[in-house]
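Open the model in your viewer and keep the sequence panel beside it. The stops below say what to select and what is there.

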Amino acid sequence: MARLELDDVTKVYRGDDDEAGVVAVDDVSVEVPDGDFLVLVGPSGCGKSTTLRMIAGLETVTAGEVTLGDRTINDVSAQERDIAMVFQSYALYPHKTVRDNIAFGLEESTDLSDGEITETVEEATELMGIDDLLDRKPGELSGGQQQRVALGRAIVRDPDAFLMDEPLSNLDAKLRAEMRTELQHLQEQLGVTTVYVTHDQTEAMTMGDRIAVLDQGELQQVGTPLECYHQPSNLFVAGFIGEPSMNVFDGHLQTTELVTDSFTYSFSAESVSDLDLEEESELVLGIRPEDIELGERSTDEHRFEAEVVVVEPMGNENIVHLQFDDTPTDDEFIATTEGIPSVSSGDRVGVVFPEAAIHLFDADTGKAVKNRRLSFTGTPAEMLQ
Amino acid sequence: MSQSTSRSPIDVESLVENFNYRRVGKYALVVLFLGFFLVPLETGIMTALKTNSAIARSLPFAPPAGEGFTLTNLEYAFSQLTNSFVNSLLMAVPATLLNVLLASMAAYGLTMVSWRGQIAVFALFLVGVFVPYQAVLVPLSQFWNNMFPLARMLEPLFAAIPFLQGGHSRLVPLTITHVAYGIPICTVLFRSYYKSLPNSLVEAAKIDGASITKIYRRIVLPLSLPMFGVVFIYQFTQIYNEFLFSFTLITGSNHPAAPVTLILPAIGSSTEGIDFGIRMSAAFLAALPTIILYVAFAEQFAKGLRTESG
C-alpha cells in the first residue's frame, strides 16, 4: 500500500509524419493519499483511460512523473510495478479455470509455494463469494461472476494500488448498483489506494473519496464529490457532475442585473460588487434543477413565468421540462420537484431562482466566478471533507 | 393449401408454386461441378483396382467386374513407396512442427510486443512470402553443396543410425530449407490470428507480472492451439507435396533419401509403356497422409478458420 502521485503527467501520441502529435493527457497532477479512492471521470476520449494506463505501465509517459510509494515508476515496467488492474472487459484468461486465473499473478510475481498460493487464492475467492466456482472456466460464468473473478484476481496479490478501468460498465443496472456498494466496502476493508476510471457521474459521486474531472486531456477539478457538485470550478464540471445537468443561461451583466435572452436577473448589490466584475461582462448563469422552485405566478424579482413542456414522474421526484415564453430558440430547462407532480404539461407556472443557489461562470473561459452559497460557516472545502 | 396437403400425399400445388428456374439452374450447376470433380477421382480409384486387361477393355469410370478386380497394383505401389513414405514423413513432420512453432513465436513478437522497427521486419516477412521457389533453386544448391555442405558433414552420423543410410543426411538441409521458406506465410497467418486476440489479455498478464516469454508460453500459446491446427495442416500439405526443393537437394528417385514426390513420377512407367493401374494406386497412397490429417483435424481446422475470421 502506498500513496500515488501524478506530477505534470503528459501523454502525446506522435504519428509517423505528424510532428505535433495528439495530446491525450495534458499536464495532469493529482495526488492520491495512501488508502484513498480516487475516481477519474470525464466523457469518452477525455484521457482518463490513458492516464490510468500510464499509471499501470501500459503506456509510456511523455512528460512528468508518476510516483508510487517513494519511487518514481516512469521507467519501471508494468511487471515490476506491484499494481493490480481490473479491465473493462475483465480480460480473464479464457483457457484457465477461475483458480488458475487468480493464481496466475501470484505464480508470476511472488515466490510463494504452491500450498501458500492455493491458500491465498481460496481466501480471496471466499471474500468475493466465488469459492464454489474455482474449477470453472470464464466462459461458463455470468457477467457478474466474471466481474468477481476479475476483482479476485486483483485483490489476491495485495498490491500497492488498484486500478479499475470502467469495471462495472458491462453489468446490468441492478447488478451495477450492487457491485458499486460492494466495491466500496471491499476497498474500505482492504484499504488499498485505488484509482477508478468511469464515464458515469453516478459512480463518481457515490464511490470516490475524491473525484478528478478530466476533459480533453486536461484536469478540470479535483475534489470531494460534494465539492465538485456544489463548488464546480468551471462550466464543464458544473455540467458534467449532477443528473439531470445544471441549467445554464447565457447573458451579460448590466450593473447589478444579468440580462439573458429570456429574463433579467437582478442580484442584490453586495453580492455582485464582491465579484469585482466589469460592466457588460459576458456571463453564464447556472442553477441546479433541484434549486428551482415552482409556484404561483407573482412579481418577485427572481420569479419568472414559464410553460411546462413535459413532466417525467420518477416516483420519488419529478423532472419538469420548462420553457420561457420569449426564448428565441426552443431551449428547455429542467426543474425537479418532490412528491406527487403538482403541474402538468402545458401549465403556466412561476419559477423562482433563489439567489443563494445561483452559479456564475465567465462565458469566455468557463471559470466559475460565483458559486452557490452554502448554509454553513467556514470555507466550503473544509465543511465538505 | 394446407387442406390439400393433408389430403393428398403429393402436394402438386405447392410443388408448382416452389418451382423456380433459378433454383433448378443452381442445382444443375451443383450436380455438374460435383461430377466434374468426382468423376476423375472415381475413375482413378477404379483404375487402381483393375487388372491391365480390364483397364483396356472397360470404360475408365466403370467399376471392376469379376476377374477384372485386383489388389496387386496397390500392393506393388505400396512396396515401391514404403521407403519414400518414411523419408517424406521424416522430413515433413519435423519441418512442419518447427515451422509452425517458430512462425507463431515470430508472429507473437511482431504483433503483441511493441518495439521499434517491427513494421520493417514484418515487411521483410511479407516479401519472403512472395519469393518464387524457382528463383532460389540455384543459390540453394550452391549453398548446401559448396558453401555449407551440411549433408556431407552429417553423413557418418546418419550411417550410424539403424535403418537409415548415410544418404539420408540430405533430408536435414531439405528440412531446414522448408522451415526457412515456410516461416513467412505461417507468420502472416498467425499474425492475423493474434491481431484478433484481445490485447487486454496480454496487458492483464503483464500487470500480473509475467515476462514476455512467460506471456507467450502460458497465455498466447495455449490460446492459439486452434490456429496451430490450421497452420499445421496447411504447412504439412505444402511441404509433403513439394517437389522442386526435393528435386534440387536430393537429386533423383534412385537416391535412398528420395521423398514420395520424387518417386511418384517414376512409378508405373517402364519401357513397355505406362501401367495406369500402378500409377493410380501410387497416387492414392501418396495422397493418403494428407487426407488422414484433414480428417483427423477437421474439427480443429474448422474451429481455427472460424476464430480467425471472427
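What percentage of the 385 residues in chain A is buried? Buried residues make up 50% of them, where buried means under 20% relative accessible area, exposed means over 50% and partly exposed lies in between (1.4 Å probe, protein chains only). This is a predicted model, in which local features need pLDDT of at least 70 and side-chain atom pairs count only at pLDDT 80 or more, while totals for chains, interfaces and linings use all residues. Residues are numbered from 1 along each chain as its sequence is written, chains are lettered from A and ligands numbered from 1 in the order in which they are written, and side-chain values use heavy atoms, with hydrogens and water left out.

**Whole chain**

Start with all of chain A. Its C-alpha atoms fill a box of roughly 80 × 50 × 45 Å along the principal axes. Chain A has 10 helices and 21 strands; these are DSSP runs numbered from the N terminus, helices being H or I with at least four residues and strands E with at least two. Of the contacts in chain A with a separation of 6 or more, 66% are between residues 24 or more positions apart, contact meaning heavy atoms within 4.5 Å.

**Two helices**

Select residues 143–155 and 173–190 of chain A, helices α4 and α5. Their axes come within 12 Å and cross at roughly 15°. α4(A) is therefore roughly parallel to α5(A), a label for angles under 35 degrees. Show side chains: in α4(A), Gly144(A), Gln147(A), Arg148(A), Leu151(A) and Ile155(A) meet residues of α5(A), among them Leu175(A), Met179(A) and Glu182(A).

Go on to Asp158(A), in the loop between α4 and β7 (161–165) of chain A. Asp158(A) is not a glycine, yet its phi is positive, near 50°. Most residues other than glycine have a negative phi, and most peptide bonds are trans.

**An exposed loop residue**

Select Gln216(A), in the loop between β9 (210–215) and β10 (218–223) of chain A. Gln216(A) also has a positive phi, of about 50°. Because its relative accessibility is 63%, Gln216(A) counts as exposed.

**The sheet**

The peptide bond from Glu243(A) to Pro244(A) is cis, with omega near -5°.

Now show the six-stranded open sheet of chain A, ordered β13-β12-β11-β14-β20-β21 with antiparallel pairing; two strands pair if DSSP finds at least two bridges between them. β13 (264–266) and β21 (368–370) of chain A are at the edges with a single partner strand each, so one side of each has no neighbour in the sheet.

Select β11(A), residues 247–254. Asn247(A), Phe249(A), Gly251(A) and Leu253(A) form its covered face, and Val248(A), Asp250(A), His252(A) and Gln254(A) the uncovered one. On one pairing, 6 bridges link β11(A) to β14(A), residues 282–287, and Asn247(A) has Ile287(A) as its bridge partner. Another 4 bridges join β11(A) to β12(A), residues 257–260. There, Gly251(A) stands opposite Thr260(A) and Leu253(A) opposite Leu258(A). The hairpin of β11(A) and β12(A) has 2 residues between the strands, and Thr255(A) in it takes a positive phi near 45°.

**Last stop**

Which residues does Ser281(A) touch, not counting those up to four places away in sequence? They are Gly251(A), His252(A) and Leu253(A). Ser281(A) lies in the loop between α9 (269–275) and β14 of chain A, and counts as buried because its relative accessibility is 18%.

Note on methods
Axes are lines fitted to C-alpha atoms, for helices over the stretch in contact, and angles run from 0 to 180 degrees between N-to-C directions. Angles under 35 degrees count as roughly parallel, over 145 as roughly antiparallel, 65 to 115 as roughly perpendicular and the rest as oblique.
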